[in-house]
Every structure is written in structure tokens, then in C-alpha cells.
Amino acid sequence: QVQLLESGGGLVQAGGSLSLSCAASGNIFSIDAMGWYRQTPGKQREMVATINSDGSTVYAASVKGRFTISRDHANIKVYLRMNSLKPGDTAVYYCGGKRRNSYNEMDYWGKGTLVTVSP
């Protein structure tokens, strides 16, 4: 099993920046891709950004150019740097991890960290 723990959420004004971190523990060698997702009340969880073991990344169109995902392979951590934040970015942000050879989008989830962007 893998445990994911997010940190770094909080309140920020529109136009500001915030960084999120996620640390993996447990059977970390089983992890392949990692990513950040977000969810607001009444909506489905949506992909924000993912990063594969080879370093390739995918971003949602709504955050491309503003958010940057990175990964520290040595410590199995994943980061999300969020710039030019908008009120629409307000959500609970979840860290996800995908097992090697899994057909799921993600297999492991953290408990989430709240990001609130005020106007």
C-alpha cells in the first residue's frame, strides 16, 4: 500500500501564488505516475496535472501556463506550483499516485488540501 500526504494549501488572493507538496510513503517503488486533481462541491474530481516517471507532463487547459508540476524521484514527492491564481481555482486539491502497469488513472489518493483564492 501507498500513503499520500498533501501539504501547502491555504488562502491566497487572486493573482497570487501557492505551492503544494505531496509525500508518498509505504510501497513507493510501486508508483509510476503521480498527479494533482481538484474537486469542488457538487462537481467531479478533475485532473489538474500529471507527471510520469519519465518526467513527461500533462496539464488541464485551464491551468496550462500558470501551474507547474514537478517530481522528486529520490524522495517520491510531487509538487504543484500555482501562479496567477484565480477564484475559479478554489478547490480541494488531491494528490494521486498510479501503480506500475495499472489501467486506472490513479490508484492511490491523499486526503486533500484546501486551496481558497479570494477575489
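Which strand is Ser25 found in? Ser25 sits in strand β3, residues 18-26, where strands are DSSP runs of E with at least two residues, numbered from the N terminus. Before going further, note that this is a predicted model: local features need pLDDT of at least 70, side-chain atom pairs count only at pLDDT 80 or more, and totals for chains, interfaces and linings use all residues. Residues are numbered from 1 along each chain as its sequence is written, and side-chain values use heavy atoms, with hydrogens and water left out.

**Ser25 and its surroundings**

- Ser25 counts as partly exposed, at a relative accessible area of 35%; the scale calls a residue buried under 20%, exposed over 50% and partly exposed in between, using a 1.4 Å probe and protein chains only.
- Skipping neighbours within four places in sequence, Ser25 is in contact with Gln1, Val2 and Gln3, contact being heavy atoms within 4.5 Å.
- Ser25 and Leu4 are 21 residues apart in sequence, yet their C-alpha atoms are 6.6 Å apart in space.

**The open sheet**

- Four strands make an open sheet in the order β1-β3-β8-β7, with antiparallel pairing; two strands pair if DSSP finds at least two bridges between them.
- β1 and β7 are the edge strands, each pairing on one side only.
- From one strand to the next, the twist averages 15°, based on axes that are lines fitted to C-alpha atoms (for helices over the stretch in contact), with angles running from 0 to 180 degrees between N-to-C directions.
- β3 and β8 run antiparallel and are joined by 6 bridges; Cys22 stands opposite Val78 in β8.
- β7 and β8 also run antiparallel, and 6 bridges join them; here Ser70 stands opposite Tyr79 in β8.
- As background, strands of a sheet pair through backbone hydrogen bonds, either parallel or antiparallel.

**Two faces of β7**

- Phe67, Ile69 and Arg71 point to one face of β7 and are buried.

**The largest nonpolar core**

- The largest nonpolar core has 29 residues, and Met34, Trp36, Leu80, Met82 and Tyr93 touch the most other members. A core here is a set of buried Ala, Val, Leu, Ile, Met, Phe, Trp, Tyr and Cys residues joined through side-chain atoms within 4.5 Å.
- Elements giving two or more residues to this core include β1 (2-7), β5 (46-51), β9 (91-99) and β11 (113-118).
- β3 gives the most to this core, with 4 residues.
- Beyond four places in sequence, Met82 is in contact with Gly16, Ser17, Leu18, Leu20, Arg66, Phe67, Tyr93 and Val115.
- In soluble globular proteins, nonpolar side chains tend to be buried together.

**Rings and a charge**

- There is 1 aromatic pair in the structure. Tyr37 and Trp109 form this edge-to-face pair, 4.9 Å centre to centre with 80° between the planes. For the cut-offs, rings of Phe, Tyr and Trp (its six-membered ring) pair if their centres lie within 6.5 Å; planes under 30 degrees apart count as stacked, over 60 as edge-to-face and the rest as tilted.
- Tyr37 lies in strand β4 (residues 31-39) and Trp109 in strand β10 (residues 108-109), so the pair ties together parts that are 72 residues apart in sequence.
- Tyr37 is buried at 4% relative accessible area, whereas Trp109 is partly exposed at 35%.
- The charged end of Arg45 sits over the ring of Tyr94, 4.1 Å from its centre. The charged end of Arg45 also sits over the ring of Trp109, 4.3 Å from its centre. The test is NZ of Lys or CZ of Arg within 6 Å of the ring centre and within 35 degrees of the ring normal.

**Loops worth a look**

- Most residues other than glycine have a negative phi.
- Ser84, in the loop between β8 and β9, has a positive phi near 50° and is partly exposed at 41%.
- Asn101, in the loop between β9 and β10, has a positive phi near 65° and is exposed at 73%.
- Gly16 lies in the loop between β2 (10-13) and β3 and is buried, with a relative accessible area of 19%.
- Not counting residues up to four places away in sequence, Gly16 touches Met82, Asn83, Ser84 and Leu85.
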